[in-house]
Amino acid sequence: MIHFNCPQCSRAFTVRDQDAGRRAKCRTCGSDVVVPQTDFEPAPKEGDALAPAAVAPVVAGGSATTAKPTEAAVASEPRRIPMRIRRLTADAEQMASAFANSPHIRVISTEGSPPELYRLAYKVNSLDRGKKPNQPVPRQLHEVEIQLTSEYPRISPKCRMLTPIFHPNIDPTTICVGDHWAAGERLVDLAVRIGEMLAFQAYNIKSPLDAEAAMWADLNADKLPTDTSDLRPAE
């Protein structure tokens, strides 16, 4: 049996299945009605609970697949932050905290958000190239630039001096830190290690960037380090 309602006055009708598609007149309002092919489900009355709509699977190639999320659903999902951005953000927070009150290392400026370039000031007793060969002179104030490349932290940062220095493992364009770099090393630790190099607490005369400084350090090992201060920030 087919059950349906008059579209004008909503009178309920029940007819045989074989009458589907036939036309008739409503005995109540006189309107023309057409018997539907299947049962007509009347609209819910005010106050009736609405049943949740079923979500049909998307059929592709004869097999059911999960429907793609709507744009609104995608927009509501939290955005995944790339690993490198998270690392740069953590570096910035650690650098600011570690050297906020350090008497030896200070962050002068940064570039980028989060920073990808740092300029650091060091107050460390070290050496500058003197006017005469193999006669370096004392120097206490230094500036260093640390650039975090697109391959950081897998590849070590590019570090260079912005002020003159006399050191076996530093030349005007490079501070040699690559041999000791590991991706898990903190940028704070690298900044401290550069300070230790400036203080001649760390140096290598076997594979130098500055042969003259390496020779001087070899002949004057009793004068080194030039600064014995502990440069590590307080934990």
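Guide: A residue is called buried here when its relative accessible area is under 20%. The model is predicted.

Visitor: Why is Asn-169 called buried?

Guide: Its relative accessible area is 6%, and the limit is under 20%, so Asn-169 counts as buried. Asn-169 sits in the loop between β10 and α3.

Visitor: What makes Asn-134 partly exposed?

Guide: The relative accessibility of Asn-134 is 37%. Partly exposed covers what lies between the buried limit of 20% and the exposed limit of 50%, so Asn-134 falls in that class. Asn-134 belongs to the loop between β8 and β9. Its phi is near 60°, a positive value in a residue that is not glycine.

Visitor: Where is Phe-200, and is Phe-200 buried or exposed?

Guide: Phe-200 is in the loop between α3 and α4. With a relative accessible area of 2% against a limit of 20%, Phe-200 is buried. Phe-200 too is not a glycine, yet has a positive phi, of about 60°.

Visitor: What share of the protein is buried?

Guide: Of the 235 residues, 32% are buried. The accessible surface comes to about 15,500 Å², and carbon and sulfur atoms account for 52% of that area.

Visitor: What makes a group of residues a nonpolar core?

Guide: The members must be buried, come from a set of residue types such as Ile, Leu, Met and Tyr, and be joined through side-chain atoms within 4.5 Å. The largest such core has 30 residues, and Met-95, Tyr-118, Tyr-122, Ile-146, Ile-175, Leu-187 and Ile-194 touch the most other members. At least two residues of this core come from each of α2 (83–98), β8 (115–128), β9 (137–147), β10 (158–161) and α3 (187–198). The largest share, eight residues, is from α3. There is also a second, separate core of eight residues, among them Ile-2, Phe-4, Cys-6 and Val-35.

Visitor: Which residues does Ile-175 contact?

Guide: Apart from neighbours within four places in sequence, the contacts of Ile-175 include Val-144, Cys-159, Met-161, Asn-169 and Ile-194.

Visitor: Which residues does Val-188 touch?

Guide: Val-188, in helix α3, touches Gln-94, Met-95, Ala-98, Phe-99 and Pro-233, with residues up to four places away not counted. The C-alpha atoms of Val-188 and Ser-97 are separated by 9.7 Å, although the two are 91 residues apart along the chain. At a relative accessible area of 1%, Val-188 is under the 20% limit and therefore buried.

Visitor: Why are β7 and β10 said to stand at the edges?

Guide: The open sheet has four strands in the order β7-β8-β9-β10, paired antiparallel. β7 (105–112) and β10 each have a single partner strand, so one side of each lacks a neighbour in the sheet. The twist from one strand to the next averages 25°. On β10, Cys-159 and Met-161 form the covered face, and Lys-158 and Arg-160 the uncovered one. Helix α2 lies across β7 and β8, at about 40° to β8.

Visitor: Why is the pair of Phe-166 and Trp-216 called edge-to-face?

Guide: Ring centres must lie within 6.5 Å to pair, and planes over 60 degrees apart count as edge-to-face. By this rule there are three aromatic pairs. For Phe-166 and Trp-216 the centres are 6.1 Å apart and the planes stand at 75°, so the pair is edge-to-face. Phe-166 is in the loop between β10 and α3, and Trp-216 is in helix α4 (residues 211–219), so the pair ties together parts 50 residues apart in sequence. Phe-166 is buried at 1% relative accessibility, and Trp-216 is buried at 10%.

Visitor: Which residues does the cis peptide bond at Pro-114 join?

Guide: That bond joins Ser-113 and Pro-114, with omega about 0°. Pro-114 is in the loop between β7 and β8. The bond from Leu-224 to Pro-225 is also cis, with omega near 0°, and Pro-225 lies in the segment after α4.

Note on methods. Residues numbered from 1 in each chain as written. Predicted model: local features only at pLDDT ≥ 70, side-chain atom pairs only at ≥ 80, totals over all residues. Heavy atoms only, no water. Buried < 20%, exposed > 50% of the residue type's maximum accessible area, 1.4 Å probe, protein only. Contact = heavy atoms within 4.5 Å. Areas by Shrake-Rupley, 256 points an atom, 1.4 Å probe, with all protein chains shown as cover. Pairing = 2+ DSSP bridges. Axes fitted to C-alpha atoms, helices over the stretch in contact; angles between N-to-C directions. Phe/Tyr/Trp six-rings, centres within 6.5 Å; stacked < 30°, edge-to-face > 60°.
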